[in-house]
Structure formats: structure tokens, C-alpha cells
Amino acid sequence: QVRLVESGGGLVPPGGSLRLSCLASGFTFSAYLMSWYRQAPGKEREEVAHITSASDYIRYAESVKGRFTISRDNAKSTLYLQMNSLEPEDTAVYYCHALVQIDETVTSYYGQGTQVTVSS
């Protein structure tokens, strides 16, 4: 079955960096657009960035442009999010996401999430 497993979260001071990873299995990772979402306490889940299957198109939320970089390694079925110049407002649970089609059914999948806390 489809599995998305995030890792790399933690506690960092403002201005710090973290690199999140998402290991995918159960589907042809290289064929799908992949996304990172985040959800802060009391707020709705929002898309942070997405990347096409061949990495030829990337889009970022305005709030993270210039600070975050999304990338992927299709040979390793892994999605990454490099986060630099972190701010307290970046504190959230970060989720890997994929819309996967199996036969005629398209299903939205999220991982279990990884907590990122930016605080001094």
C-alpha cells in the first residue's frame, strides 16, 4: 500500500536550518507530482511547495520563497525540503503529500507528519 514517511523535524532557533525527508513506497514515485504541506496549531493545513515528477516545475508558497527548497531523488523514492532562515512562524507539523491513481481511483495521501519547532 501507499506509504509516506517523513523525518528530519526538530527544534531549531530562529535563523536555523532543517532538512526534511519523505520516503515513499507502494506507488511509482517517479511518475507523480509531490508536495509538502504544513499545519500550525489552530490553523488550516497549507501547501508549502510542490514539485513535478521530473523536477521541471516547482512552486512555493509566498511565505517560504527564497528560504525553502523542495527537491526529489526519484532513484531513492525520496522527497526533500531544505528549510533555511527559519522563523517562529514556520513552526508546524510538516506533511508529505501525493495524489495517487490506482486503476480508476485517485486518492490523496499524507504521511504521519514531522514536527518543526522554531524557538529560542
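This is a predicted model: local features need pLDDT of at least 70, side-chain atom pairs count only at pLDDT 80 or more; totals for chains, interfaces and linings use all residues.
Strand β9, which spans residues 92–102, pairs with strand β4 (residues 34–39) in the antiparallel sense, and six bridges join the two. Within this pairing, Met34 stands opposite Ala98 of β9. Strand β9 also pairs with strand β10, which covers residues 105–110; this arrangement is likewise antiparallel and extends over six bridges. One of the residue pairs that can be named here is that of Gln101, whose bridge partner in β10 is Val106. The strands β9 and β10 form a hairpin in which two residues lie between them, and in this turn Asp103 adopts a positive phi of about 60°. A further antiparallel pairing, made through three bridges, connects β9 to strand β11 at residues 114–118. In that case the bridge partner of Val93 is Gln115, a residue of β11. Strand β9 therefore has pairing partners in β4, β10 and β11, given that two strands count as paired if at least two bridges are found between them.

Positive phi values also occur in loops. Most residues other than glycine have a negative phi. Ser55, although not a glycine, has a positive phi of about 60°, and its place is in the loop that runs between β5 (46–51) and β6 (58–60). With a relative accessible area of 35%, Ser55 is partly exposed, because values between 20% and 50% fall into that class. Ser85, which is not a glycine either, has a positive phi of about 50°. The loop that holds Ser85 lies between β8 (78–83) and β9, and the relative accessibility of Ser85, at 40%, places this residue in the partly exposed class as well.

Turning to charged side chains, the count of salt bridges in the model comes to five. One of them is formed by Arg38 and Glu46, with the closest N and O atoms 2.7 Å apart.

Another salt bridge is formed between Glu87 and Arg67, for which the closest N and O atoms are 3.8 Å apart. Because Glu87 lies in the loop between β8 and β9 while Arg67 lies in the loop between β6 and β7 (68–73), this pair ties together parts that are 20 residues apart in sequence. Glu87 is partly exposed, its relative accessibility being 32%, whereas Arg67 is buried, with a value of 11%.

The side chain of Arg67 also meets that of Asp90 in a salt bridge, with an N to O distance of 2.7 Å. This pair, too, links distant parts of the chain, as Arg67 belongs to the loop between β6 and β7 and Asp90 to the loop between β8 and β9, a separation of 23 residues. Both of these residues are buried. Through salt bridges that share partners, Arg38, Glu46, Arg67, Glu87 and Asp90 are joined into one network.

Conventions: Residues are numbered from 1 along each chain as its sequence is written. Side-chain values use heavy atoms; hydrogens and water are left out. Helices (H or I, at least four residues) and strands (E, at least two) are DSSP runs, numbered from the N terminus. Buried means under 20% relative accessible area, exposed over 50%, partly exposed in between (1.4 Å probe, protein chains only). A salt bridge is a side-chain nitrogen of Lys or Arg within 4 Å of a carboxyl oxygen of Asp or Glu.
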